Amino acid sequence: MPANLTPMYYKAERDYRRAQTASEQVDCLQQMLQLMPKHKGTDKLQASIKSRLSEARQNLKQQINAPKSGQAYRIPRQGAGRIVIIGGPNCGKSRILKELTRAEPDVAPFPFTTREPLPAMMEYEGIQIQLVDTPPITVGQLQPWLLNLVRTADGVLLVLDGSSDDAPDETMTVIREFESRKTRFTETGGFDEDNFSIVNLASRLVVTRASDRDSQVRSELLFEAGVSRVPTLGVELGDKQFVGVLKQRCFELLNIIRVFTKSPGKPPDMQAPLTIAHNGTVEDLAVQIHEDLARTLKHARLWGHGDHDGQVVGRDYRLRDGDVVELHC
Ligand SMILES: Nc1nc2c(ncn2[C@@H]2O[C@H](COP(=O)(O)OP(=O)(O)OP(=O)(O)O)[C@@H](O)[C@H]2O)c(=O)[nH]1
Ligand SMILES: [Mg+2]
């Protein structure tokens, strides 16, 4: 039996995946339970959410009672999505952040330069995407805060130094550190269907110093060693042409579309698109703006990919990147 989950439920589930603390997780799971239609088709999902809820409550209790230990960073979410840049030492993580944003991270030709995470905003065709540079990961050195930052991200750039013979092993180490903590890098993200504690992250392998003629061989070694294949992009960061391509790949990684809204009789604000998931509907757009709007929404008018300008469409109509929408209650 189909679960027939609503856009409001999916929004709560997305918030849960992004929740950075046990307390936020508890709130989101409670909301998911509340928003879920209760019938045979959702029995399994309900049971799974209830068990995750009791686990999150347990974690929350432990955190409250335990003395504070280890490093913690609180990085507020901004923009249409968050992409975390990770990799071994000296592979070019900070240089990527420097090229794609206005941030000025320390970039140096020696390893272990970056000690703390650094967020910065990347502009891409009217939307802002948050990128986060991170310290290098080596054997046994994956800090809990970094694991949490990555598991709650919307996407990951896994960076491999195309000019170094050590890079395949170093990158493999990074992958294993995450894998042993139920975190995998895959082409598209999401929870594992059979085991909700496994998080699959939408990822791209970025091979820096790609002008090195063996760079491709080095990245292939990784996949030949059994790592599941993710789309790969070779870049030479001194060359500006790669910056545009890398930005576009970051946008694609988030799997979102840009939609412009307008009020009746007024032109749309083409400077400030909203973003919704790829394949998102008119109702998803309304949920994004305000839950009340989603409840009272009757129909929408569409300019863009419809049959004709101003076409009337229902709440289930699937929007496309660049559509202009007027919502009517
Ligand atoms: N020519 C060239 N140099 C690169 C490229 N990517 C990175 N570099 C250089 O490689 C060095 C290391 O880059 P960083 O960005 O500091 O490396 P990182 O991964 O942040 O290093 P840690 O913070 O130590 O982990 C710097 O000198 C960069 O300018 C590239 O594609 N081409
Ligand atoms: Mg760095």
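Predicted model: local features only at pLDDT ≥ 70, side-chain atom pairs only at ≥ 80, totals over all residues.
Residues are numbered from 1 along each chain as its sequence is written, and chains are lettered from A and ligands numbered from 1 in the order in which they are written.

**Domains**
- The protein chain is assigned domain 1 (7-65), domain 2 (82-254) and domain 3 (256-328), with bounds from an automatic or database domain assignment.
- The centres of domain 1 and domain 2, taken over C-alpha atoms, lie 29 Å apart.

**Helices α2 and α3**
- Helix α2 (residues 22-35) and helix α3 (residues 43-65) have axes that come within 9 Å and cross at roughly 155°.
- Helices here are DSSP runs (H or I, at least four residues), numbered from the N terminus; axes are lines fitted to C-alpha atoms over the stretch in contact, and angles run from 0 to 180 degrees between N-to-C directions.
- The crossing angle therefore makes α2 roughly antiparallel to α3 (over 145 degrees).
- Residues in contact (C-beta atoms, placed from the backbone, within 7 Å) include L29 and L33 in α2, and L53 and L60 in α3.
- The contact residues divide into nine nonpolar, six polar and two charged, with Ala, Val, Leu, Ile, Met, Phe, Trp, Tyr, Cys and Pro counted as nonpolar, Asp, Glu, Lys and Arg as charged, and the others, Gly among them, as polar.

**Ligand 1**
- Ligand 1 is surrounded by 22 residues (C-beta atom, placed from the backbone, within 6 Å), and the closest are G92, S94, R95, T114 and P136.
- Helix α4 (residues 93-100) gives the largest share of this shell, three residues.
- By class, the shell holds ten nonpolar, eight polar and four charged residues.

Terms used: Helix = DSSP H or I, 4+ residues; strand = E, 2+ residues; numbered from the N terminus. Parallel < 35°, antiparallel > 145°, perpendicular 65-115°, else oblique. Contact = placed C-beta atoms within 7 Å.
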